Amino acid sequence: MPERRFRFGYVLASKKVSSFIQDSLINHAQENGIDLVPIDLDKPLIEQGPFDCIFHKLYGPEWRKQLEEFALQNPTAIIVDPIDAIEKLHNRLTMLDVVNELKIAGDNETIGIPIQIFVGENSESLLDAITSQGLHFPVIAKPLIANGSADSHQMSLVLKPEGLEGLKPPIVLQEFVNHGGVIFKVYVAGEHVKCVKRRSLPDIPEEKLGILENLISFSQISNLTAQDQNDDSFAELIEKAVMPPSRFVTDVANQLRDALKLHLFNFDMIRDEKVGNRYLVIDINYFPGYAKMPNYETMMTAFFLDIAREKLNNESR
């Protein structure tokens with residue numbers, strides 16, 4: 001890399017700025033020749049800069065128009081990421097379709113998605129929709145739209161048919177698979193991949209289905225096993241959980257990156273308790289909370305340097 005500084009403009013919500021654009025990231029990037037520059041939305045983008053790269057998490061027709069104008073006048077600059085590609089992750093029904101197209105040559109591991117169905121506002125019977133598609137209780141009810149809004153995070157666990165009465169379509173109903181109470185969050189930044197273990201929904205034994213409530217919001221689910229497990233036992237559970245093979249995780253991440261045409265995303269993956277080598281992707285998020293990872297500054301700066309090299313290659317063509 002030549003001794004040149006690169007200007008990376010960014011547009012993020014204020015909450016995202018405070019969590020992601022930390023001094024540690026700014027300083028680490030600066031030490032490696034990358035200057036992170038906030039873009040002023042009160043001024044036309046084309047009048048700001050120059051920028052070698054723009055990374056953002058913003059939508060809407062006005063911003064799309066500004067990005068298009070910027071790209072036309074700066075053909076070698078890199079935009080992370082195209083709005084069209086990002087918006088494909090806003091629909092929970094279709095966001096996981098790409099997973100079924102992956103060609104993973106694992107030793108024993110397989111990758112897939114849970115059974116899921118869409119229930120529209122005009123659907124006559126939620127129960128009929130479930131039974132006709134081979135879904136069994138419990139199921140997870142998720143809003144159709146996944147755009148980062150508060151409403152898009154309002155999810156519930158439906159344990160019995162009676163719980164369907166409390167749901168408001170349009171929604172996506174997704175098969176709940178017991179997975180040992182551990183979720184694997186895989187963060188992707190270009191070619192850089194990091195997998196971490198996190199606490200997830202507890203397994204639900206069949207004998208408990210009859211005594212639990214019909215419908216439980218995710219915010220209440222921690223109470224499901226509160227009388228059975230404390231924080232120490234959860235920590236031990238996560239500590240004992242075996243990580244998926246790194247080669248397998250990287251292969252899935254790389255193929256998803258290419259298929260989604262995105263640089264910045266993460267995906268949530270669980271391991272089926274009944275079939276130990278069967279992994280399921282249950283969610284994909286654009287520009288996730290990278291700062292939750294230890295030493296996220298190192299991973300993100302390495303990604304920024306890759307983009308800087310790509311920018312140099314574009315200039316030399």
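In what follows, a residue is called buried when its relative accessible area is under 20%, exposed when over 50%, and partly exposed in between, with a 1.4 Å probe and protein chains only. C53 therefore counts as buried, at 1% relative accessibility. C195, at 15%, counts as buried as well.

The model before you is predicted: local features need pLDDT of at least 70, side-chain atom pairs count only at pLDDT 80 or more, and totals for chains, interfaces and linings use all residues. Residues are numbered from 1 along each chain as its sequence is written, and side-chain values use heavy atoms, without hydrogens and water.

Staying with the cysteines, the count of disulfides (pairs of cysteine sulfur atoms within 2.5 Å) is zero.

I turn to the sheet. Strands are DSSP runs of E, at least two residues long, numbered from the N terminus, and two of them pair if DSSP finds at least two bridges between them. Five strands form an open sheet with antiparallel pairing, in the order β6-β9-β7-β8-β12. At its edges lie β6 (116-119) and β12 (215-217), each pairing on one side only. Within the sheet, β7 (residues 139-143) and β9 (residues 171-175) are antiparallel and share five bridges; I140 has Q174 in β9 as its bridge partner.

Technical notes. Helices (H or I, at least four residues) and strands (E, at least two) are DSSP runs, numbered from the N terminus.
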